[in-house]
Amino acid sequence: MKIKLTSVYVDDQEKALGFYTDVLGFTKKADFTNGPFRWLTVASPDDPDGTELQLALNDNPAARTYQQAIFKQGQPALMLFTDDIKGDHERITANGGSFAMAPTEVTGSTIAQLNDTCGNLIQITQLARW
């Protein structure tokens, strides 16, 4: 068994697609529309057949409440991992990303947080090499 898909709620799917592709560097994997419903996913260009991230519209009141509550608490909705957090920080900033926390060393890793402009904080983590 393996995880093939996970979701993050967004308040604007088109804006989210731009952020996750143009700013973070992911690639669009699936984009299907059925009436008012849009199934939209992105994937890492390093693993295009790996885990997909669904950019799910927060048009459900429970989803919107959840998304807003964790954002207000400063809790990341999504955690991404990298081998070069400082390089990613520079690249993402150059692409227009706005960091709420620059790369910061914590126990066992270096983390940074940024706003995805669609209602979420994202944490980027580089694990410490022992």
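Biologist: Start with Phe 81, please. Which strand is Phe 81 found in, and is Phe 81 buried or exposed? Then go through the sheet around that strand and the salt bridges.

Modeller: Bear in mind that this is a predicted model. Phe 81 is found in strand β5. Its relative accessibility is 54%, so Phe 81 counts as exposed; the cut-off for exposed is over 50%. Together with Met 79 and Leu 127, Phe 81 forms a nonpolar patch. The accessible area of the three together is about 320 Å².

Now the sheet. Strand β5 belongs to an open sheet of four strands, in the order β5-β8-β7-β6. The pairing in this sheet is mixed. Strands β5 (78-81) and β6 (98-106) stand at the edges. Each has a single partner strand, so one side of each is left without a neighbour in the sheet. From one strand to the next, the twist averages 20°.

The partner of β5 is β8, residues 121-127. These two strands pair in the parallel sense, over four bridges. Take Leu 78: its bridge partner in β8 is Ile 122. Helix α3, residues 85-94, touches β6, β7 (109-115) and β8. The direction of α3 makes about 170° with that of β6.

The side chains of Asp 88 and Arg 91 meet at 3.2 Å, N to O. The two residues are three apart in helix α3, so about one helical turn separates them. Asp 88 is buried, with a relative accessible area of 17%. Arg 91 is partly exposed, at 33%.

In total, the count comes to five salt bridges. In general, side chains of opposite charge can pair when their charged atoms come close. One of the five joins Lys 29 to Asp 49, at 3.1 Å, N to O. Lys 29 lies in strand β2 (residues 27-34), while Asp 49 lies in the loop between β3 (37-43) and β4 (52-57). The pair therefore ties together parts that are 20 residues apart in sequence. Lys 29 counts as partly exposed, at 37% relative accessibility. Asp 49 is exposed, with a relative accessible area of 57%.

Another salt bridge brings together the side chains of Arg 38 and Asp 31, at 2.9 Å, N to O. Arg 38 counts as buried, at 17% relative accessibility. Asp 31 is partly exposed, at 30%. Both residues also take part in a network of salt bridges, which links them with Glu 14 and Lys 28.

One last stop is Ile 3, in the segment before β1 (5-10). Ile 3 is exposed, with a relative accessible area of 64%. Ile 3 and Thr 51 are 48 residues apart in sequence. In space, their C-alpha atoms are 6.6 Å apart.

Back to where we began: Phe 81 is an exposed residue in strand β5, and β5 stands at an edge of the sheet.

Methods: Residues numbered from 1 in each chain as written. Predicted model: local features only at pLDDT ≥ 70, side-chain atom pairs only at ≥ 80, totals over all residues. Heavy atoms only, no water. Pairing = 2+ DSSP bridges. Axes fitted to C-alpha atoms, helices over the stretch in contact; angles between N-to-C directions. Contact = heavy atoms within 4.5 Å. Patch = residues over 30% accessible without salt bridge, like charges linked within 9 Å, V, L, I, M, F, W, Y side chains within 5 Å. Areas by Shrake-Rupley, 256 points an atom, 1.4 Å probe, with all protein chains shown as cover. Salt bridge = Lys/Arg side-chain N within 4 Å of Asp/Glu carboxyl O. Buried < 20%, exposed > 50% of the residue type's maximum accessible area, 1.4 Å probe, protein only.
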